[in-house]
Amino acid sequence: MIIDAHGHYTTAPPQLEEWRNRQIAAIGDPANAPRPEDLVISDDKIRESIETNQLRLMDERGSDLTVFSPRASFMAHHIGDYAVSETWSRICNDLCHRVATLFPDRFAMGAMLPQSPGVDPATVIPELRRAVEELGAVVVNLNPDPSGGHWDSPPITDTQWYPIYEVLSELGVPAMVHVSTSCNAAFHTTGAHYLNADTTAFMQLVQGDLFADFPDLRLIIPHGGGAAPYHWGRFRGLADMMKKPDHVEALLRNVFFDTCVYHQPGIDLLTSVIPSESILFASEMIGAVRGIDSRTGHFFDDTKRYVDATPNLTDEQRTAVYEANVRRAYPRLDATLTARGR
């Protein structure tokens with residue numbers, strides 16, 4: 001199988017955004033807030049939004065299954081209070097569950113969490129459990145910066161986050177460390193904030209010792225790990241200065257990078273620096289970069305083309321990147337596929 005470990009429902013029917021706009025407009029005026037049941041999207045509308053977009057491209061590019069979570073930029077945890085985020089998370093998670101139910105052989109559900117700036121992270125646990133235990137989520141997106149670009153939360157290694165990690169470890173579910181929209185004009189959402197966050201999260205892991213407390217926890221650093229592979233020597237050197245020799249390499253027992261890197265030299269660098277067993281195939285289509293590269297004539301986010309072409313993977317390693325590593329990082333997905341004879 002070829003499993004895309006990182007997809008978002010960026011093509012949801014317009015009714016979803018219309019409902020969200022009504023919710024935002026009613027912040028501070030709860031009497032006029034829309035009710036969840038006011039959002040009506042038929043199965044046919046969901047099918048159309050998937051079949052003409054992600055599913056069509058999956059078939060054209062040769063991938064079998066996508067791990068599919070709510071649109072990352074729509075999480076927008078900085079908007080409203082916890083109650084707003086909780087309602088919005090439930091709606092988005094329910095919608096991704098419906099996609100996975102309508103297309104069970106092609107999509108597995110990922111979930112967002114109802115985070116809110118300055119609110120105890122443990123408040124997300126009821127929705128985390130619901131998403132996993134009732135809806136079948138195989139991964140959750142964990143936003144290390146719910147403020148939307150102001151970074152007023154403690155590092156992801158801080159004990160404040162531990163209640164989430166305890167439940168993730170108990171359930172056998174990984175977290176993809178994924179920020180949302182930037183509300184800081186200095187940081188473009190997908191060109192700066194996302195990549196800043198990937199790099200920042202990895203450096204926080206270098207500084208801390210999270211996996212000593214949670215040896216079974218798995219984290220995915222998306223978008224190729226931000227600057228981490230490109231500056232691998234810097235991170236190793238900093239770890240040495242912190243009296244942590246070999247700490248950076250040791251992190252890769254629990255940390256995975258994905259292949260959402262949109263040109264061949266980037267994938268070649270990733271696969272030459274990061275051990276193949278720590279790389280997950282992913283494309284994040286239809287996502288941040290949707291156009292065609294004028295130099296190649298192919299879509300930027302057709303990452304399978306780059307993984308196929310890189311000389312840095314043997315056939316066995318390439319197969320692991322496409323399937324075995326993903327199943328190891330997402331054990332609930334592996335259990336589901338195994339039960340189906342896949």
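1. Helices (H or I, at least four residues) and strands (E, at least two) are DSSP runs, numbered from the N terminus. On that basis the chain has 15 helices and eight strands. This is a predicted model, in which local features need pLDDT of at least 70 and side-chain atom pairs count only at pLDDT 80 or more, while totals for chains, interfaces and linings use all residues. Residues are numbered from 1 along each chain as its sequence is written, and side-chain values use heavy atoms, with hydrogens and water left out.

2. Of the 342 residues of the chain, 54% count as buried, where buried means under 20% relative accessible area, exposed over 50% and partly exposed in between (1.4 Å probe, protein chains only). The C-alpha trace spans about 55 × 45 × 40 Å along its principal axes.

3. Most residues other than glycine have a negative phi, and most peptide bonds are trans. The next two points concern exceptions.

4. His 223, in the loop between β6 (219-221) and α10 (232-241), has a positive phi near 55°, and this residue is buried, with a relative accessible area of 9%. Ala 76, in the loop between α4 (72-75) and α5 (82-102), likewise has a positive phi, near 40°, and Ala 76 is buried at a relative accessible area of 6%.

5. The peptide bond that joins Met 285 and Ile 286 is cis, with omega about -10°; Ile 286 lies in the loop between β8 (279-280) and α13 (303-309).
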